[in-house]
Amino acid sequence: MSKIRVTWKKSTIGRPERQRKSIRALGLKKLNHSVTHDDTPQIRGMMRAVEHLIDWEIVE
């Protein structure tokens, strides 16, 4: 299974609660923090909800 590295790049100040919860559910703690997850539909859905706040890449 492939992996995805997600990096939090933009603040959630003034954003809806759903987006803040998605950032926390992805395991991101503060700006420029990166985490690695398995590439699953659940992770992709959370990423899609906050795609304007994060950067992501596929890790080999």
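1. Let's start with Ile 43. Setting aside residues up to four places away in sequence, Ile 43 touches Leu 26, His 37 and Asp 38. Please keep in mind that this is a predicted model.

2. Which residues make up the largest nonpolar core? Ile 43 and Leu 26 both belong to this core, which has 12 residues in all. At least two core residues come from each of strand E1 (3-8) and helix H2 (41-49), and E1 gives the largest share, with 3 residues. As background, nonpolar side chains in soluble globular proteins tend to be buried together.

3. Now for a serine in helix H1: Ser 22. Is Ser 22 buried or exposed? Its relative accessible area is 9%, so Ser 22 counts as buried, the cut-off being under 20%. Leaving out neighbours within four places in sequence, Ser 22 is in contact with Met 46, Ala 49 and Val 50.

4. Finally, have a look at Asn 32, in the loop that runs between helix H1 (17-25) and strand E2 (34-38). Asn 32 is not a glycine, yet its phi is positive, at about 65 degrees. Most residues other than glycine have a negative phi, which is the reason for pointing this one out. Asn 32 counts as exposed because its relative accessibility is 52%, and the cut-off for exposed is over 50%.

Technical notes. Residues are numbered from 1 along each chain as its sequence is written. This is a predicted model: local features need pLDDT of at least 70, side-chain atom pairs count only at pLDDT 80 or more; totals for chains, interfaces and linings use all residues. Side-chain values use heavy atoms; hydrogens and water are left out. Helices (H or I, at least four residues) and strands (E, at least two) are DSSP runs, numbered from the N terminus. Buried means under 20% relative accessible area, exposed over 50%, partly exposed in between (1.4 Å probe, protein chains only). Contact means heavy atoms within 4.5 Å. A nonpolar core is a set of buried Ala, Val, Leu, Ile, Met, Phe, Trp, Tyr and Cys residues joined through side-chain atoms within 4.5 Å.
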